[in-house]
Amino acid sequence: MTVTPPAGTITLAGKTVSRLGFGTMRLTGPGIWGDPADRATAFSVLRQAVHAYGITHIDTADAYGPHTVEHLIHDALHPYPEHVLIATKVGLARPAPDTWVPHGHPVYLRACVEASLRRLGVDRLELCYLHRIDPEVPVADQIGTLQALKDEGKIGHIGLSKVTPEQIRTVTNDTTVAAVQNVLNMSGDRHDTALELCRDLSIPYVPYRPLDAGTLARQGHIDAALNWLLRLGNHVAPIPSTSSPEHLRQLVTVVTGTRL
């Protein structure tokens, strides 16, 4: 059965995928740490997103758990349908719950990519973001490592996360950037000058925390929040996250206008 992609489609990392993606950060324990309370529900959410609702852009990171969600995605969805994009991120160490530390040493980044390949069960990460630019390591060394891995065929496309317009311009001088992932929502993070730059450079813009870490959902503003983002430009592809099958259904419903 063919399912209409929610919110239409966008070309991301060489694939035509649903503009409404699915962020997987919430499929862990408290503090984005360890296993979810109910693995069966986590599997169900992932499978419903892809097979029932037509979401073909799944966003994750090695830092979620850490490592937990990449294992969940593999166990729930592998072998991955050809039309589904699994995007992951490297470059954040997790020494404790709710603790995130940029770590951009080339040896560490290479080890992270190799480990993500094994956990996800793939030969190539179709879209791999630098999760954070490490201020202690030259940007050229961090991006250069990902570019080398791309040249080796272990990464398909390179993305950037939580970056400024200046950082985007610096990286795009020498490297093709497939996507930029920054926080943007209609609550406390309404403005990001990278949004317009990405439009001008024809780079897909992937807003994370589109519901302000659940605040807008609890206030009953899911519809307004997601459609506000989608109206900002055809290059915008939000990735709301949830661990609830009912919440997932609501997310899809408000962007399709269809009762599910």
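## Strands E10 and E11

In this predicted model, strands E10 and E11 pair in the parallel sense over 4 bridges, and within that pairing Asn 182 stands opposite Pro 207 in E11.

Strand E10, which spans residues 177-183, is mostly covered, with 7 of its 7 residues buried.

## From E9 to E10

Strand E10 is also joined to E9, by 4 bridges, and these two strands run parallel; here Ile 158 stands opposite Val 177 in E10. Together with helix H5, residues 165-172, strands E9 and E10 make a right-handed β-α-β unit.

## The sheet as a whole

These pairings belong to an open sheet of 7 strands, ordered E3-E4-E5-E8-E9-E10-E11, in which the pairing is parallel. Its edge strands are E3 (22-23) and E11 (205-208), each of which pairs on one side only.

Elsewhere in the sheet, 3 bridges join strand E4 (residues 57-59) to strand E5 (residues 85-90), the two running parallel, and Ile 58 stands opposite Ile 86 in E5. Helix H4, residues 139-151, lies across E5, strand E8 (125-130) and strand E9 (155-161), and runs at about 160 degrees to E9.

## Helix H9 and Val 254

Val 254 is found in helix H9, which covers residues 245-256. Leaving aside neighbours within four places in sequence, Val 254 is in contact with Ile 222, Asp 223, Leu 226 and Asn 227. Val 254 and Pro 207 are 47 residues apart in sequence, while their C-alpha atoms are 17 Å apart in space.

Technical notes
Residues numbered from 1 in each chain as written. Predicted model: local features only at pLDDT ≥ 70, side-chain atom pairs only at ≥ 80, totals over all residues. Heavy atoms only, no water. Pairing = 2+ DSSP bridges. Contact = heavy atoms within 4.5 Å. Axes fitted to C-alpha atoms, helices over the stretch in contact; angles between N-to-C directions. Buried < 20%, exposed > 50% of the residue type's maximum accessible area, 1.4 Å probe, protein only. Right-handed = clockwise from strand over helix to strand, strands pointing away.
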